[in-house]
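Please open the structure in your viewer and keep the selection tool at hand. The tour below moves from one selection to the next and says what is to be found at each stop.

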Amino acid sequence: MLVSCLLLVLTGCADTRYYWQSVTGHWQLMQAARPIDHWLADPTTPLALQQRLKLARDMRRFAVTELHLPDNASYQRYADLQRRHVVWNVVAAPEFSLTLKTWCFPVAGCVGYRGYFSEADAQAEAQTQRAAGLEASVYGVPAYSTLGWMNWVGGDPLLNTFIHYPAGEVARLLFHELSHQVLYVPDDMVFNESFATAVERLGGALWLAQQASPEGRQAYADFDARRQKFRALTRNTRDRLKEIYSTDGPQATAQKNQAALKQQTMRDFRAAYAELKASWGGYSGFDAWVAQANNATFGAQAAYDELVPGFEALFVREGRQWPTFYDAVKDLAKRPQKERAQQLKQLAAEQKG
């Protein structure tokens with residue numbers, strides 16, 4: 001994730017209230033962060049947190065030495081924000097499209113979400129989008145990247161919002177966020193997030209194989225198996241919705257048909273999820289996502305999935321060598337957006353074939 005307006009020394013934009021909450025929210029986060037060694041030396045720090053901070057420090061070292069991710073100030077401090085999420089993102093899309101509404105900011109360019117440090121503010125923005133005729137959703141975010149721009153004042157910190165996740169998930173999250181400091185292309189959310197997701201998956205698998213205990217690997221395999229089945233379900237539903245929304249015909253007739261087919265697809269999605277949940281013994285980790293599933297949530301998820309197979313194929317093509325992989329991604333980023341996406345899809349097809 002990326003909060004898009006943290007670096008502003010305000011730019012004359014009319015939406016100063018939004019930028020102000022971004023700047024002040026991030027400043028409060030930075031003020032709450034202390035070096036890991038300070039937390040470890042504090043006798044009031046709970047043992048479980050001490051163990052997790054040591055583990056995260058080792059993960060960061062692994063990211064630098066094994067994955068060749070940046071070695072800087074990021075993730076060498078920790079902050080307890082006293083809340084479940086660091087920010088809340090708003091996403092919105094039309095009634096018959098998975099194409100996300102975009103918001104444009106300095107530094108980050110145009111992205112398909114708008115982040116708030118207050119859940120109430122995020123919900124208010126979502127309601128504004130609904131009033132404008134869009135489907136909207138709000139979701140909590142455990143971490144975000146400042147792209148390395150804030151390393152001079154302490155970097156991105158570890159947070160209570162994710163430090164107690166399953167160990168493999170903490171590793172993946174750190175690898176994902178650090179990869180945004182390797183490369184970020186303004187105005188191409190799908191490219192950026194798919195690249196970071198590929199790094200987290202590939203790097204996470206390597207960390208589990210080399211660093212986790214057999215018990216830890218098995219526990220994470222069970223956790224990830226549920227996620228992969230859920231993502232397969234959402235991907236299939238997304239493909240069905242795309243097909244429905246591409247229906248030709250007179251506008252009124254097409255929309256009537258699309259509405260009926262969309263409703264049936266969403267019913268099928270929820271029924272299939274209920275079967276999955278039953279097969280998991282009632283595991284409810286995806287209930288909140290399913291409860292608010294709409295075009296906006298499906299569109300947002302696509303950004304993290306769509307080009308991942310292509311990046312994974314590129315990693316294989318580059319001999320599974322991280323530095324040459326990053327160089328290849330940087331070369332790809334210099335090409336026009338449609339061209340680089342097409343090349344990644346071609347690489348994925350070639351590897352699959």
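Begin by selecting Cys 104 and Cys 110, which are joined by a disulfide with an S to S distance of 1.9 Å. Keep in mind throughout that this is a predicted model. The count of disulfides comes to one, and if you look along the S-S bond of Cys 104 and Cys 110 you will find a torsion of about 100°, so the disulfide is right-handed. Colouring by accessibility shows Cys 104 as partly exposed, with a relative accessible area of 49%, while Cys 110, at 24% relative accessibility, also counts as partly exposed.

**Salt bridges**

Turn next to the charged side chains, for a search of the whole structure finds 19 salt bridges. Select Asp 37 together with Arg 57, whose closest N and O atoms are 3.0 Å apart in a salt bridge. Asp 37 belongs to helix 2 (residues 36-41) and Arg 57 to helix 3 (residues 47-65), so this pair ties together parts that are 20 residues apart in sequence. Arg 57 counts as partly exposed, at 30% relative accessibility.

Now select Arg 60 and Asp 71, which form a salt bridge with the closest N and O atoms 2.7 Å apart. Arg 60 lies in helix 3, whereas Asp 71 sits in the loop between helix 3 and strand 2 (77-79), so the pair ties together parts that are 11 residues apart in sequence.

Move on to Asp 287 and Lys 277, a salt bridge in which the closest N and O atoms are 2.7 Å apart. Since Asp 287 is found in helix 9 (residues 287-291) and Lys 277 in helix 8 (residues 251-279), the pair ties together parts that are 10 residues apart in sequence. Asp 287 is partly exposed, with a relative accessible area of 25%, and Lys 277 counts as partly exposed at 24% relative accessibility.

Return to helix 3, which has 19 residues and reaches 27 Å from its first C-alpha to its last, close to the 27 Å expected at 1.5 Å a residue. Which residues of helix 3 are buried? They are Leu 49, Gln 50, Arg 52, Leu 53, Ala 56, Met 59, Arg 60, Phe 62, Ala 63 and Val 64.

Highlight Trp 322, Phe 325, Tyr 326, Ala 328, Val 329, Leu 332 and Ala 333, which are buried in helix 12. If you then look down the axis of helix 12, its buried residues fall within an arc of 160°, so they line one face of the helix. An α-helix has 3.6 residues a turn, so residues three or four places apart point the same way. The cover over the buried residues of helix 12 includes helix 6 (189-211), helix 11 (308-317) and helix 13 (337-352).

Go on to the open sheet of three strands, whose order is 1-2-8 with mixed pairing. Strand 1 (34-35) and strand 8 stand at its edges, each with a single partner strand, so one side of each is left without a neighbour in the sheet. Strand 2 and strand 8 pair in the parallel sense over two bridges, and selecting Ala 79 leads you to its bridge partner in strand 8, Leu 159.

For the last stop, select strand 3 (residues 87-93) and strand 7, which run antiparallel and are joined by seven bridges. Ala 92 stands opposite Ala 136 in strand 7. Why is strand 7 (residues 135-141) described as largely enclosed by the rest of the structure? The reason is that six of its seven residues are buried.

Methods: Residues numbered from 1 in each chain as written. Predicted model: local features only at pLDDT ≥ 70, side-chain atom pairs only at ≥ 80, totals over all residues. Heavy atoms only, no water. Disulfide = S-S within 2.5 Å. Buried < 20%, exposed > 50% of the residue type's maximum accessible area, 1.4 Å probe, protein only. Salt bridge = Lys/Arg side-chain N within 4 Å of Asp/Glu carboxyl O. Helix = DSSP H or I, 4+ residues; strand = E, 2+ residues; numbered from the N terminus. Arc of directions from axis to C-beta. Contact = heavy atoms within 4.5 Å. Expected span 1.5 Å × (residues − 1). Pairing = 2+ DSSP bridges.
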